[in-house]
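Hi everyone, thanks for coming. Have the picture up while I talk.

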Amino acid sequence: MTAETTDRVGADRAPAAEPALFTPDTLFWEISGQYLYAATTGSAFLLQVMHPAIGAVVDRWSTYRTDPWGRAARSFASVQTWIYGGPTALDEGQRLRRMHKDLGAVDERGRSHHALSAGPWAWVPLTAFHATVTYSRYFRPRPLSAEQEEQAYRETLRMCRILRVPERMLPPTTAAYWAYVDDMIENTLENHPTARHVLATAASAPPLPGLPAPLRPLWAPVRGAGARMNHLITVGTLPPAARAKLGLSWSRAEELQLRALGQLAGRLNAPLPERIKYMPIAYRARRAARAQQQLSDVLTARPM
């Protein structure tokens with residue numbers, strides 16, 4: 001597969017079925033709403049903007065330069081809606097397609113790109129599987145089993161279908177997925193200016209929006225530590241070939257630091273109360289699902 005063929009990954013496959021909603025028994029329902037998971041997804045975004053079409057469109061239209069925290073909050077809220085929003089997930093998928101319908105850009109090499117082209121549109125949600133596997137490897141007390149990885153990939157495809165990714169763009173198996181990722185890195189992704197700017201923005205760790213002026217001097221030490229951790233997580237969870245394409249080094253010592261950080265963060269995260277562990281949409285959805293199940297149980301057991 002080359003850059004010229006990324007819009008026809010599986011052209012002979014049948015059309016997709018209607019998207020299925022996420023439910024409380026899915027892995028994504030358990031994992032993707034956690035703050036710790038969100039904090040470890042920087043490498044997925046970096047992989048996305050290494051795609052020349054995504055990098056160009058993000059550079060032209062995104063507010064990540066002027067409002068990085070706001071952009072991140074909106075992105076996470078959208079992803080949370082796909083997973084926890086019930087029927088609203090389908091509306092969100094359609095909203096995003098409408099929002100991107102007219103977004104295009106011409107890059108510095110004169111290439112024209114469109115946000116809804118099948119290849120880049122598929123690449124964005126497909127990076128979620130990479131994010132889930134690497135999060136599991138470094139930050140969960142126990143990595144996903146082989147069976148759970150298969151389940152996570154099926155759920156990644158479910159998310160793709162909510163976004164109406166063409167079925168031909170979806171690798172049918174996990175083995176096909178990793179071959180697709182390797183090919184994308186080798187033949188499509190680039191050391192893109194947007195990717196380099198994303199790395200620089202992460203390293204600068206801009207202050208949180210709304211931080212009162214008297215507290216801003218206190219941000220400096222926090223920013224330094226946060227930027228170092230963010231760099232370690234983002235660079236360390238990239239596929240090695242992507243690191244090489246970006247010209248990033250990675251040492252054995254850094255790998256050991258990342259593993260130690262991940263083990264510590266995972267142990268601290270595991271016992272946290274749900275209200276603290278999960279982002280607001282996920283927390284409310286999980287509470288509502290339990291309440292609905294409790295009501296169903298009471299109705300089933302009612303005297304008749």
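Let's begin with helix 3 and helix 10: helix 3 passes helix 10 in a right-handed crossing. A crossing is right-handed if the near helix is turned clockwise from the far one by less than a right angle, and left-handed if anticlockwise. The helices themselves are DSSP runs of H or I, at least four residues long, numbered from the N terminus.

Who touches whom here? From helix 3 come Phe45, Leu46, Val49 and Met50, and from helix 10 come Thr194, Ala195, Val198 and Leu199, where contact means heavy atoms within 4.5 Å. By class, that is seven nonpolar, one polar and no charged residues. Ala, Val, Leu, Ile, Met, Phe, Trp, Tyr, Cys and Pro count as nonpolar, Asp, Glu, Lys and Arg as charged, and the others, Gly among them, as polar.

A word on the source: this is a predicted model, where local features need pLDDT of at least 70 and side-chain atom pairs count only at pLDDT 80 or more, while totals for chains, interfaces and linings use all residues. Residues are numbered from 1 along each chain as its sequence is written, and side-chain values use heavy atoms, leaving out hydrogens and water.

Helix 3 has another partner. Helix 3 (residues 42-50) also passes helix 7 (residues 118-139), with axes that come within 9 Å and cross at roughly 145 degrees. Axes are lines fitted to C-alpha atoms, for helices over the stretch in contact, and angles run from 0 to 180 degrees between N-to-C directions. This crossing, too, is right-handed. Ser43, Ala44, Leu47 and Gln48 of helix 3 meet Trp123, Val124, Thr127, His130 and Ala131 of helix 7. Those residues divide into five nonpolar, four polar and no charged.

Now over to helix 5 (residues 68-84) and helix 6 (residues 88-100), which pack at about 140 degrees with axes 7 Å apart. Their crossing is left-handed. Ser78, Thr81 and Trp82 in helix 5 meet Thr88, Ala89, Glu92, Arg95 and Leu96 in helix 6. This time the classes are three nonpolar, three polar and two charged.

Last stop, the cavity. Which residues line the largest cavity? They are Leu199, Ala202, Ala203, Ala227, Asn230, His231, Thr234 and Val235. Helix 11 supplies the largest share of that lining, five residues. By class, the lining has five nonpolar, three polar and no charged residues. A cavity here is a set of points on a 1 Å grid over the protein atoms alone where a 1.4 Å probe fits but cannot get out, and lining residues have an atom within 4 Å of a point.

Terms used:
Helices (H or I, at least four residues) and strands (E, at least two) are DSSP runs, numbered from the N terminus. On a 1 Å grid over the protein atoms alone, a cavity is a set of points where a 1.4 Å probe fits but cannot get out, and a pocket is an open set with protein on both sides within 12 Å along at least five of seven lines; lining residues have an atom within 4 Å of a point.
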